[in-house]
Amino acid sequence: MSRNPLRDPRDRRIPRLAGPCVLVLFGVTGDLASKKLLPAIYDLANRGLLPPGFSLVGFARRDWADADFAQITHDAVKAHARTPFREEVWQQLAEGIRFVPGEFHDDVAFDRLALTVAELDTERGTGGNYAFYLSVPPNAFPLVVQQLKRSGLSSPPEAGEGRRRPWRRVVIEKPFGHDLASAQQLNAMLDAVFPASAVFRIDHYLGKETVQNLLAMRFANTLFEPIWNRSYVDHVQITMSEDIGIGGRAGYYDGIGAARDVIQNHLLQLLALTAMEEPLSFAAESLRAEKEKVLAAVQIPDDIATGTARGQYAAGWQGGIPVRGYLEEDGIPADSVTETYAAIRLTIDNRRWAGVPFYLRTGKRLPTRMTEIAVLFQRAPHLPFDATDTQELGENALVIRVQPDEGVTLRFGSKVPGSAMEVRDVNMDFAYGESFTESSPEAYERLLLDVLIGDPPLFPRQEEVELSWQILDPIEDFWADHSGGPSHGPEQYPAGTSGPASADRLLARDGRAWRRI
């Protein structure tokens, strides 16, 4: 990270800038690269957050020249960048774009990659600082990492006189294994090549402004903290719903399912941030330590059969258009028992949250695309009103909307204008788009910049990953043991509906109901 000796560290008006470096992107032909990563790199450059010598190297099994990859990047930027296209910014970025063709098992290709980044050090002053982004299938992680070690790319040279030692960092996308054992194997493989401080596990949800605002809302205000506990909170609902099917992800998704794909990482991270104690600071060690305490205290249901629900979307209607069921999707076996909907009831065994259930749910082919954290408060113990006065009054709720309409809603009861005493629910609403003149950066902008700077608070470390698998593994094992026969697989739910009936029964047993999707 570049440091200005004249800058007061307390001055937050000047943004953090990345220092000289090369970003090597594996998997440049995928959707993630074209729709998120390449546009995010341009947006960072457009905001002046990348150094002039920043360089981008693509690696893929394509017979491309540098100019071909530059054109691919240009097209992705024009189609998906958040900020306006400026020719002068693009030209500066394009000067540092290189491409290395090859396959992951090809030693010669990785030797060529090592030569390419060394040339960039000389031509553009990148100083031997390299970040490797593995936007590749999880089964390719070990091969790529071993090739980085063999070619010497993972090991920076010793610092010269009067200079800092160059850094090397590796970024891996989820899933971080498919269970606890595989996550531990992956970590051991990474530990053998990179120090723990150089491994960045990307969970793009943690880069979203609204998720970070959850911490600001809780700990920068005295309004919420006194009631953020079992004395006032009735339960918490954390939801990620999608209105799309699996699309072209059949090869990845089948056998993985909704719980491994979303609950193990995204939703358990949101749970940890919602339930954690106040950290000593927002430094990585303090923030991660508090999240780990929460995950270690999570308890799964005693009866997994009644404390969880899973479903699989069937044919139905989505936005007025007929859509196929999961079993009719291309590449999906007709007897697949992979769930596309999962709901789980969890509790946290500590003083703050004892007895407060946390309900997590995620699904595909639901009515809307939405991610939110809803904290629902206990009903008032005494209402000096007639039942008819408050018959439409629900629970007070604080809802943090993560996407797509980022913001916060507070729901409470208010008297209806008129001569009668009638109380109805009303909302106070904060929306990012209305309250701030600057639009929120994409999650990948923030996370990529943090990688290049070396700032790790938003990246879960291995302990968090393993604790999350310890929560989910017993549930997955139970589901696997009870998947035999047509009556024991995931419950079918029509596309475009809010999920299987078993999910509604899950909350109904506790006298509660899901918020409407």
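The model is a predicted one.

The largest nonpolar core contains 146 residues, and F26, L113 and L134 are the residues with the most contacts inside it. Among the elements that build this core, helix 9, residues 257-275, gives the most, with 11 residues. The surroundings of L113 can be described individually: with neighbours within four places in sequence set aside, L113 is in contact with V24, F26, V57, F59, V100 and L153.

A helix pair comes next. Two packed helices are described by the angle between their axes and the distance between the axes. For helix 1 (residues 31-46) and helix 3 (residues 87-94), the angle is about 115 degrees and the axes are 10 Å apart. Their crossing is right-handed. On the helix 1 side the contact is made by I41, Y42, A45 and N46, which meet V89, W90 and L93 of helix 3. By class, the residues of this contact comprise six nonpolar, one polar and no charged.

Charged pairs form the next topic. Side chains of opposite charge can pair when their charged atoms come close. Where the criterion is a side-chain nitrogen of Lys or Arg within 4 Å of a carboxyl oxygen of Asp or Glu, the model has 26 salt bridges. One of these joins K364 and E242, with the closest N and O atoms 2.8 Å apart. K364 is in the loop between strand 13 (358-363) and strand 14 (370-377), whereas E242 is in the loop between strand 7 (233-241) and helix 8 (250-253); the pair links distant parts of the chain, 122 residues apart. Both K364 and E242 are buried.

A further salt bridge pairs E372 with R515, and here the closest N and O atoms are 2.6 Å apart. Because E372 lies in strand 14 and R515 in the segment after helix 15 (501-508), the pair ties together parts that are 143 residues apart in sequence. What is the relative accessibility of E372? The value is 4%, so E372 counts as buried. R515, at 21% relative accessibility, counts as partly exposed.

D429 and R401 also form a salt bridge, with the closest N and O atoms 2.8 Å apart. This pair links strand 17 (residues 423-431), which holds D429, to strand 15 (residues 397-403), which holds R401, across 28 residues. R401 has a relative accessible area of 12% and is therefore buried. Elsewhere, salt bridges that share partners join R218, E225, E277 and R352 into one network.

D473 lies in helix 14 (residues 462-481) and is buried, with a relative accessible area of 15%. Not counting residues up to four places away in sequence, D473 touches D179 and L180. The C-alpha atoms of D473 and H178 are 9.2 Å apart in space, while the two residues are 295 residues apart in sequence. E422 is found in the loop between strand 16 (407-415) and strand 17, and at 30% relative accessibility E422 counts as partly exposed.

Technical notes. Residues are numbered from 1 along each chain as its sequence is written. This is a predicted model: local features need pLDDT of at least 70, side-chain atom pairs count only at pLDDT 80 or more; totals for chains, interfaces and linings use all residues. Side-chain values use heavy atoms; hydrogens and water are left out. Helices (H or I, at least four residues) and strands (E, at least two) are DSSP runs, numbered from the N terminus. Buried means under 20% relative accessible area, exposed over 50%, partly exposed in between (1.4 Å probe, protein chains only). Axes are lines fitted to C-alpha atoms, for helices over the stretch in contact, and angles run from 0 to 180 degrees between N-to-C directions. A crossing is left-handed if the near helix is turned anticlockwise from the far one by less than a right angle, and right-handed if clockwise. Contact means heavy atoms within 4.5 Å. Ala, Val, Leu, Ile, Met, Phe, Trp, Tyr, Cys and Pro count as nonpolar, Asp, Glu, Lys and Arg as charged, and the others, Gly among them, as polar. A nonpolar core is a set of buried Ala, Val, Leu, Ile, Met, Phe, Trp, Tyr and Cys residues joined through side-chain atoms within 4.5 Å.
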